[in-house]
Structures are given as C-alpha cells and as structure tokens.
Amino acid sequence: MDALLPEQLVETARRVLEANRARGRRIAVAESCTGGLVSAALTELPGASDVFEAGFVTYSNDAKLDILKVSQDVLETFGAVSIAVAWSMAQGALTKSEADVAVAITGIAGPGGGSEKKPVGTVVFARAERGADPSHVVADSRHFEDNGRGGIRLQAALCALELLMPGDPPSEEAPPEEAPAP
C-alpha cells in the first residue's frame, strides 16, 4: 500500500469511507490534539472526496473560538479538554460544512500539559449529526495509555474514526476525569 501513515489507521479510514459512502453520508472532523491525523488518514485513500467534506484543525483555543465558534464561556468553564468543548467543536464543524456527521477530538497528547484530573492521555470525542436533537450529546471520554505522544495521537485518531462509523455509539455525559476508559 502506498501510504505515509500506519496501515491500521489507513485501513480503519477505508472502512469509515466505505460505510459512509454506502449510506450516502458526508463526514467532517474537527481536530485538536490529533493535529489533522484523522483528515490525513481519510485523504490517504483515492476517492475520499465523495465522502470526506472537511477537516478543521483547531489546535489553539483562539482557533476553536474563531473557526468553530466554541463559546469563550464554555472554554473557560470546562476547559479545552471537555465534553462541552468537544460537542461545541463537532457542532461547529457541521455548521461550517455541508457534512451530515462530524466528529471532534480534543485532548492531552503529552508529554506535558496534563494534570491530576486530566492526565496525559485524556482525550474527549464528540459526534454531531445534521438534523439530530442538539440536546442529545453523543460523546466519549477516554484515558489512553501514555505510550508517547505519537501513540496517544494514533489511539485518538483510531477512536475518532470509529465514531464516524454509521450506527449509534454509546452516549457518555460524565467529564473525562470521572469516566476514564480501561
């Protein structure tokens, strides 16, 4: 395979594209800690443009505010690594694109930046669908093993891709510090 990225990531992206293509759905992503890795995985594959609508890399809080219209109050109240911010990022990606579904990723890839409540490896995801009830938050908080910055980013990208698969992932409304995954 002629790809720059790990085979596991590209194969997961292939499954996401095929499943969404079969449903006629366009997808978008809003990335922070993954820095465009999900978008890169999707665009490794020829023909991705019929499914992949847009990718927004909003690494800084200012970019989250300016590009995706995350509210300053939400950022200040909950912090950039929170379900509230991830949900706002996903909604912003839908608003700024013609996608049917959007996934957002925000987290702490390390090696620094973590805290006792939000250690390195804490990553929060949210999925928003056009026309869905906006009060129904579809989000997931994970704590990935700290196997280095690249390892955390890869795990986060794989999880985000899984959230783009058609179907209903579990809803999670607890903050990431209260609901780490094994």
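User: How many salt bridges does the structure hold?

Analyst: The structure holds seven salt bridges, a salt bridge being a side-chain nitrogen of Lys or Arg within 4 Å of a carboxyl oxygen of Asp or Glu. This is a predicted model, in which local features need pLDDT of at least 70 and side-chain atom pairs count only at pLDDT 80 or more, while totals for chains, interfaces and linings use all residues. Residues are numbered from 1 along each chain as its sequence is written, and side-chain values use heavy atoms, with hydrogens and water left out.

User: OK, which residue does E11 pair with?

Analyst: E11 forms a salt bridge with R14, and their closest N and O atoms are 3.3 Å apart. Both residues lie in helix α1 (residues 7-23), three residues apart, which is about one turn of the helix; helices here are DSSP runs (H or I, at least four residues), numbered from the N terminus.

User: And what about R15, where is its partner?

Analyst: R15 forms a salt bridge with E162, with the closest N and O atoms 2.5 Å apart. This pair links distant parts of the chain, since R15 is in helix α1 and E162 is in helix α6 (residues 149-163), 147 residues apart.

User: Switching topic: is R127 buried or exposed?

Analyst: R127 is buried, because its relative accessible area is 4%, where buried means under 20%, exposed over 50% and partly exposed in between (1.4 Å probe, protein chains only). Its salt-bridge partner E129 counts as partly exposed at 28% relative accessibility.

Definitions and conventions:
Helices (H or I, at least four residues) and strands (E, at least two) are DSSP runs, numbered from the N terminus.
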